[in-house]
Amino acid sequence: HLASTADWNRLLLNGRICWPSDDVPSGNIATTPKDLISFLGSPVRRNENYKNGDVVGIDDEWINIVFTEDKKTESFVFSDLSQPLHTDGAYVDNSLDISFLHCLKQAEVGGATTFIEGQTLFDLMKKYKPILLDKITSHEVIFDKGSQQSKTEKIMKEVDGIIFLNWNYYRVSHKNSLFVIDMCHEFQKFLQEKIVSSGILQ
């Protein structure tokens, strides 16, 4: 039970995946992060055009993912398809330390969220895909969306003993070399076939 903002602070700074229980105080949970910001850092506020990635404002703290029939083929945020494993903000110039997920209406079928710890993924790849692991920890990848947002980063890196991931298969830029693009295809195939579909992660 989290009785105070201080409890949230300790949990978020020392945990990886945290979610409140059913006894969350009533009211708009979207205001909860605001109580933590002064201690944890600053929110990333960015509105973007979902089609071309252009930044159209800096006042939105939430990305709304809502099924919309007439737009479902235009973007994952409107579709009823599962999003592949990814890290938020893979193509933006900010590094996101904490993300809040808030479900307003649960899907009748599906809708589950899959998380994997960076260290767990590193250990699995070291055992099953050591050559690919060496590639993704050695070569940088350009991730972009449209002409305004871009980031060049390794898919996986270790900093002070902590594994960091930066990944979004659909934001891998065509500006990358053929070697890097092939590497990204191979990494995505491993995630989908061995982690998500085949259940290598128990």
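**Reading salt bridges and burial in a predicted model**

A: The side chains of Glu-186 and Lys-135 meet in a salt bridge, at 3.5 Å from N to O. The pair joins distant parts of the chain, 51 residues apart: Glu-186 sits in helix H5 (residues 178-197) and Lys-135 in helix H4 (residues 130-136). Helices (H or I, at least four residues) and strands (E, at least two) are DSSP runs, numbered from the N terminus. This is a predicted model: local features need pLDDT of at least 70, side-chain atom pairs count only at pLDDT 80 or more, and totals for chains, interfaces and linings use all residues. Residues are numbered from 1 along each chain as its sequence is written, and side-chain values use heavy atoms, with hydrogens and water left out.

Q: How many salt bridges does the structure hold?

A: Side chains of opposite charge can pair when their charged atoms come close. The cut-off is a side-chain nitrogen of Lys or Arg within 4 Å of a carboxyl oxygen of Asp or Glu. The structure holds 2. One of them pairs Lys-157 with Glu-153, with the closest N and O atoms 3.1 Å apart.

Q: Is Glu-153 buried or exposed?

A: Buried means under 20% relative accessible area, exposed over 50%, partly exposed in between (1.4 Å probe, protein chains only). Glu-153 has 18%, so Glu-153 is buried. Lys-157 has 30%, so Lys-157 is partly exposed.

Q: Where does Ser-42 lie?

A: Ser-42 is in the loop between helix H2 (34-40) and strand S1 (47-48). Ser-42 is exposed because its relative accessible area is 69%.
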